[in-house]
Amino acid sequence: TGAIGLYNLGQSCCLNSLLQVFLMNIHFTGILRRITVPPCAVQRRRNVPYQMLRLLEEMQCGKCKAVRPIELACCLSAHRVDLFVQHDAAQLFLQLWNLIKKQMKKLELIEDLSDLYTVCIQEHLACQNCSFETINNSIMLTLPLPVLDSNFHRLKTLEDCLKYFFYPEELTGQNMCFCQLCGRKTPFVQSTKLVHLPQTLTIHLKRFCFEKSSNTHKLSHYLPFPQDLDFSAVLTENQCQADDKEKASWQYGLFAVVAHSGSTSRGHYCAYIRSLTEWKWYCFNDSEVCQVSWDDVKCTYGHSNLHWGETAYLLIYMKKHPQ
């Protein structure tokens with residue numbers, strides 16, 4: 001099953017959780033096994049994909065309940081990834097992914113890695129006085145979903161968060177934009193449309209909120225998420241820029257949840273991951289790994305009265321029927 005724990009090296013619970021999500025994904029490890037091994041020892045010590053591959057082999061070949069990711073941690077430190085500090089899982093995920101992609105030498109592996117994880121969206125900005133419109137295509141590693149609307153009301157489900165993220169926004173008053181055709185500032189409508197979804201989709205629930213005092217606090221309210229998610233059923237036609245063949249592949253099953261407990265200044269991460277070989281859920285809590293039920297995973301939905309309780313922060317979905 002690959003359900004082997006990772007010892008905490010000192011505030012490394014966030015790193016451990018993300019490594020488990022990477023290494024339990026057989027699509028990712030299939031890419032990792034095809035890397036070019038650096039020729040000399042110095043290069044191998046500084047190569048993140050190679051050190052991840054070594055860690056994977058140690059986890060799969062060892063007979064211990066957990067292993068120490070010391071060599072990988074030292075490698076990351078050499079690339080200015082801070083150790084022994086509190087990390088934000090979404091930021092660290094982006095750091096790790098960029099390092100992995102940067103150090104993969106084969107072009108086809110870089111392309112495969114991008115295809116595996118990146119989301120393609122289209123951003124529209126349209127003047128409401130004339131026909132002027134700008135369209136930009138961009139890619140994202142995660143879908144950063146707000147859990148509050150513009151009036152600071154709590155969104156009730158993951159589907160509501162998705163709809164709100166792709167809902168058009170009117171830019172009026174102080175937010176008006178300069179229109180090249182009108183020659184002055186006019187009201188605009190800003191909208192985001194979904195173009196392409198990857199095999200492995202990472203959703204970032206923005207539960208850490210900035211206050212006016214520049215402090216952050218955690219939004220722990222109840223927010224359920226489904227095991228099965230069909231984007232074509234959630235989003236409207238106006239929120240999509242894709243053909244029927246693309247939309248037919250937008251059916252997902254939940255693969256993993258990276259959960260956070262505690263506050264913004266003091267917290268702990270663990271990962272709930274469904275084995276792709278057994279289809280059983282496991283909780284990876286540093287060196288401790290145990291089988292759990294879907295009801296245990298649902299405990300990460302959150303609770304308004306339990307601000308220190310465990311809440312889902314990253315949701316990783318996997319395509320049911322990839323193209």
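A: The dialogue below goes from the whole chain to one residue. This is a predicted model, in which local features need pLDDT of at least 70 and side-chain atom pairs count only at pLDDT 80 or more, while totals for chains, interfaces and linings use all residues. Residues are numbered from 1 along each chain as its sequence is written, and side-chain values use heavy atoms, with hydrogens and water left out.

Q: How many helices and strands are in the chain?

A: Helices (H or I, at least four residues) and strands (E, at least two) are DSSP runs numbered from the N terminus. The chain holds 11 helices and 18 strands.

Q: What does the radius of gyration say about the chain?

A: The radius is taken over C-alpha atoms, and the globule rule is 2.2 Å times the number of residues to the power 0.38. For 323 residues a compact globule would have a value near 20 Å, so the 21 Å of the chain agrees. The C-alpha atoms fill a box of roughly 70 × 50 × 40 Å along the principal axes.

Q: Is H260 buried or exposed?

A: Buried means under 20% relative accessible area, exposed over 50%, and partly exposed in between (1.4 Å probe, protein chains only). H260 is buried because its relative accessible area is 4%. Of the 323 residues in the chain, 50% are buried.

Q: Where does H260 lie, and which residues does H260 touch?

A: H260 belongs to strand β14, residues 251-262. Contact means heavy atoms within 4.5 Å. Leaving out residues up to four places away in sequence, H260 touches F208, K218, G267, H268, Y269, G309, E310 and T311.
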